[in-house]
Amino acid sequence: MLEIRRLILLRELAIRGTLAAVAEALNFTPSAVSQQLSQLEKETGTVLLRKAGRRVQLTPQAEALVASVGEVLDTLERAEARLQAAATRVTGRVRVAVFQSAALAFMPAALRATAARFPDVRVEMVQREPEEALRETWARDFDMVIAEQYPAHAAPHHPGLDRRDLCTDAIRLALPAEPDSLRPVDSLESARQMPWVMEPRGAASRHFAEQLCRRAGFEPDVRYETADLQAHIRLVETGNAVALIPDLVWVGRPASCRLLTLDDAPRRTIFTAQRLAGAESPAARAFREILEQTVAGGA
C-alpha cells in the first residue's frame, strides 16, 4: 500500500516545479520533501525523479502516478463532502480566492449573510489575481475562486473545475471629473495623447486594454502600472492618467471620475469556479448560493 502523503508530495512537485516550492507550500523543509520522495521510490520500486541541472524532473512513470493521485484525492474529497452532508448542521471551512474589486463589492455582504444563516461555516478569503487563483483552486490551495474574464480573452481552463457566471459589468473610459480644456477627451480615440494607467503586463485586463487602444488606431502611453484599481482611480481623479475601469469598483459609492461608455459597450464576466469533487460540500454549496443571491440582489 502506497503512502498517500508521499503521493501528495509527488503531485505537488509536478504542480509547483521545485522541491523548495513544495516545501514552502506545505511547511516542510526541502530535505524532508526529498527524503519522503526517495522513500516513495523505494515503495514503488521505480525511478520517479531524475536530475535536470539544479532541479529534478519527473519520469514518465512518475507522471502516470501523479494522474492517479489526482483521482484518489478527488475520491477522498467527495467522501469528505458526503460525510459532512450527513450531519444535521452545515459546518466546515471554505477557502475562497478573490480579486480586489469583487472582494470589495461582493464579499462583505456575502460574509455577513453566511455568518447569520450558517454560523458553523468558516469562510477564509485571500486576494489573488484570477489567472493564479484558478490554477491554485485546481491545485487544491483553495476551495473556490471568484474570477473574471475580459471580452475576447478566455480565462485559463483547468480540468475538473465547475464554472458558474455571477454577473457582468461594463468597462468604461475613466477621466478626471473636470475636463481638461487644453486636451479635451470625449472618446477613446481622443485619449491617444493622454498618459495611461494599466495593470501589469500578463494580466487579462492589460491585454484587453492594449488591444482596445490598438483597434482604435494608437499605442497607449502606459506611464503607470499597478494591479490596484483603487490606485488607478486615484491617478485618474488627480488628472495624472486615464484608465479603463469596470463598473464593479463603484458598487456602494458614487463614481468620482467622468465615465465614458465605449463603442460596442464591452462587458467583463465575473464567475465562480470550484472543483467538481468538492461540489457536494454543504459549506461550499451554502456559501456559493449566498454569494449568487448577494450578487443578484445587488444587481
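Colleague: Rings and charges to begin with. The charged end of R11 sits over which ring?

Modeller: The ring of W138. The charged end of R11 is 5.5 Å from the ring centre. Bear in mind that this is a predicted model.

Colleague: And R163, what does its charged end sit over?

Modeller: The ring of F271. The distance to the ring centre is 3.8 Å there.

Colleague: How far can I trust the prediction? What's the average pLDDT of the chain?

Modeller: The average is 91. A score of at least 70 is reached by 98% of the residues.

Colleague: Where is confidence lowest, and where highest?

Modeller: Lowest in strand β1, residues 49-52, with a mean of 86. Highest in strand β4, residues 121-127, at 97.

Colleague: Okay, ring on ring. How many aromatic pairs does the structure hold?

Modeller: It holds 2. One is Y150 with F208, a tilted pair. Their centres are 5.4 Å apart, and the planes make an angle of 40°.

Colleague: Where do Y150 and F208 lie in the chain?

Modeller: In distant parts, 58 residues apart. Y150 is in the loop between β5 and β6. F208 belongs to helix α8, residues 204-215.

Colleague: Are Y150 and F208 buried or exposed?

Modeller: Both Y150 and F208 are buried. The other pair is W196 with F218, also tilted. Here the centres are 6.4 Å apart, with 40° between the planes.

Colleague: Which parts does the W196 and F218 pair tie together?

Modeller: W196 lies in strand β7, residues 195-198, and F218 in the loop between α8 and β8, so the pair ties together parts 22 residues apart in sequence.

Colleague: What's the relative accessible area of W196? And of F218?

Modeller: W196 is at 0%, so it counts as buried. F218 is at 7%, which means it is buried as well.

Colleague: Switching to salt bridges. How many are there in the whole structure?

Modeller: A search finds 28. Among them is R16 with D141, where the closest N and O atoms are 2.7 Å apart.

Colleague: What's the relative accessible area of R16? And the figure for D141?

Modeller: R16 has 24%, so it is partly exposed. D141 has 25%, so it is partly exposed too.

Colleague: Next, D143. What does it form a salt bridge with?

Modeller: With R275, the closest N and O atoms being 3.5 Å apart. The partners are 132 residues apart: D143 in the loop between α7 and β5, R275 in strand β11. Both D143 and R275 are buried.

Colleague: Which residues are linked with D143 and R275 in a network of salt bridges?

Modeller: D74, E77, R95 and R140.

Colleague: Last one: D169 and R268. What is the N to O distance, and where do the two residues lie?

Modeller: Their side chains meet at 2.8 Å, N to O. D169 is in strand β6 and R268 in strand β11, 99 residues apart. D169 and R268 are both buried.

Definitions and conventions
Residues are numbered from 1 along each chain as its sequence is written. This is a predicted model: local features need pLDDT of at least 70, side-chain atom pairs count only at pLDDT 80 or more; totals for chains, interfaces and linings use all residues. Side-chain values use heavy atoms; hydrogens and water are left out. Rings of Phe, Tyr and Trp (its six-membered ring) pair if their centres lie within 6.5 Å; planes under 30 degrees apart count as stacked, over 60 as edge-to-face and the rest as tilted. Helices (H or I, at least four residues) and strands (E, at least two) are DSSP runs, numbered from the N terminus. Buried means under 20% relative accessible area, exposed over 50%, partly exposed in between (1.4 Å probe, protein chains only). A charge sits over a ring if NZ of Lys or CZ of Arg is within 6 Å of the ring centre and within 35 degrees of the ring normal. A salt bridge is a side-chain nitrogen of Lys or Arg within 4 Å of a carboxyl oxygen of Asp or Glu. pLDDT is the predictor's confidence in each residue, from 0 to 100.
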